[in-house]
Amino acid sequence: MRLNTSAAPFLLTGFLGFEAAHHWISIAFFAVYISILLGNGTLLYLIKDDHSLHEPMYYFLAMLAGTDLMVTLTTMPTVLGILWVNHWEMSHGACFLQAYFIHSLSIVESGILLAMAYDRFIAICNPLRYTSILTNTRVIKLGMGAFLRGFISIMPIILRLFSFSYCHSHVLSHAFCLHQEVMKLACADITFNRFYPVILIFLTVFLDSLIILFSYILILKTVMGIASGEERAKALNTCISHIGCILIFYVTVISLSFIHRFGKNVTHVVHTIISYVYFLFPPLMNPIIYSIKTKQIQYGMLRLLYKIRFGS
């Protein structure tokens, strides 16, 4: 495979027309990034430190928080680099690597949400066998499967980017690299790179969403068969946080996909806003949702604050 090392670097943008407001935009982005790092970092610390959270449900939540942190750390350097020091240039290798992590982690997050749905399905539909089915070994295998699926499946289209020549404009419309945008700058046959992602998304994110939907239909059927209204509410309440995370993730994924595929007449501002909502909103909201709706997380945070306040 021939590496295209002689071409000029890509130029990132993302905030066209708002250069004068970079200072104020940077404050907002920095606040959001710090909130994401603190929220997901706190979740990871609580799940590691609090033995009452050493259960499959929280192990999967830790994987979700870790994935959200990786997504944030992948995009944060280039976004803040543009806002703070006007660093627009990005080498081909760095751009392709960033695109690799961005797209891989999207598939990973979908896989983790699917594993979390499986956890809720077993907990409600087969509670007596919950601990025997979701052993620590199986949880690790499910997590590893989600990560390997994401990082391996996206490799073919990213590797092909290295072999392309880029004789069109080198200007990208975001403050980070996305495969669907980079491939359009190539002076080569990009048929494979056009169709492979469509098939991949169908076999991963779309199929995951269908399985999750089917699992919740079965969960709802089981819950409706519970005689006690209080027990029904308790069972459903354990799913609320997960459902919230699912809706946020899949709605933003679908919105971004539609904008890129069919939004030729959509303004650049809309493209920009949708992309930042996709990369910032789920990592920001997931810790908040679980902190509000999960009592064990709330108790863990109270214990952490007590430890910080009184040092014991």
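So, helix 2 and helix 3: their axes come within 10 Å and cross at roughly 165°. That makes helix 2 roughly antiparallel to helix 3, since angles over 145 degrees count as roughly antiparallel, under 35 as roughly parallel, 65 to 115 as roughly perpendicular and the rest as oblique. The axes are lines fitted to C-alpha atoms, for helices over the stretch in contact, and the angles run from 0 to 180 degrees between N-to-C directions. The crossing of this pair, helix 2 and helix 3, is left-handed, meaning the near helix is turned anticlockwise from the far one by less than a right angle, while clockwise would be right-handed. In the contact of helix 2 with helix 3 you'll find 16 nonpolar, five polar and four charged residues. For those classes, Ala, Val, Leu, Ile, Met, Phe, Trp, Tyr, Cys and Pro are nonpolar, Asp, Glu, Lys and Arg are charged, and the others, Gly among them, are polar.

Quick word on what you're looking at. This is a predicted model, where local features need pLDDT of at least 70, side-chain atom pairs count only at pLDDT 80 or more, and totals for chains, interfaces and linings use all residues. Residues are numbered from 1 along each chain as its sequence is written, and side-chain values use heavy atoms, with hydrogens and water left out. Helices (H or I, at least four residues) and strands (E, at least two) are DSSP runs, numbered from the N terminus.

Back to helix 2, which has another partner. Helix 1, residues 22-49, has an axis that comes within 9 Å of the helix 2 axis, and the two cross at roughly 160°. Helix 1 and helix 2 are therefore roughly antiparallel to each other, and their crossing is left-handed. The contact of helix 1 with helix 2 has 22 nonpolar, seven polar and one charged residues.

How many cavities of 30 Å³ or more does the structure hold? It holds two. On a 1 Å grid over the protein atoms alone, a cavity is a set of points where a 1.4 Å probe fits but cannot get out, and a pocket is an open set with protein on both sides within 12 Å along at least five of seven lines; lining residues have an atom within 4 Å of a point. Grid points are joined across faces, edges and corners, and a volume is the space filled by probe spheres set on the points.

The largest cavity comes out at about 80 Å³. Its lining includes V71, I102, F249 and P283, and helix 3 and helix 10 are the elements that give two or more residues to that lining. By class, the lining of the largest cavity has eight nonpolar, one polar and one charged.

The second largest cavity has about 50 Å³ of space. M57, F60, M116, D119, R120, T238, H242 and Y290 line it. Which helix gives the most to this lining? Helix 3 does, with three residues. The lining of the second largest cavity splits into four nonpolar, two polar and two charged.

Next, a pocket: the second largest pocket holds about 540 Å³ of space. It is lined by 21 residues, and the closest to its centre are R120, K234, N237, T238 and Q296. Helix 2 (56-85), helix 3 (92-125), helix 9 (229-262), helix 10 (268-293) and helix 11 (295-310) each supply at least two lining residues, and helix 9 gives the most, with six. The lining of the second largest pocket divides into eight nonpolar, seven polar and six charged.

F10 is in strand 1, residues 10-11. Is F10 buried or exposed? F10 is buried, at 0% relative accessible area; buried means under 20%, exposed over 50%, partly exposed in between, with a 1.4 Å probe and protein chains only. The C-alpha atoms of F10 and H170 are separated by 4.8 Å, although these residues are 160 apart along the chain.

N86 sits in the loop between helix 2 and strand 2 (89-90). N86 isn't a glycine, yet it has a positive phi of about 55°. Most residues other than glycine have a negative phi. N86 counts as partly exposed, at 44% relative accessibility.

And Y118, in helix 3, is also partly exposed, at 30%. Y118 and Y59 are 59 residues apart in sequence and 13 Å apart in space, C-alpha to C-alpha.
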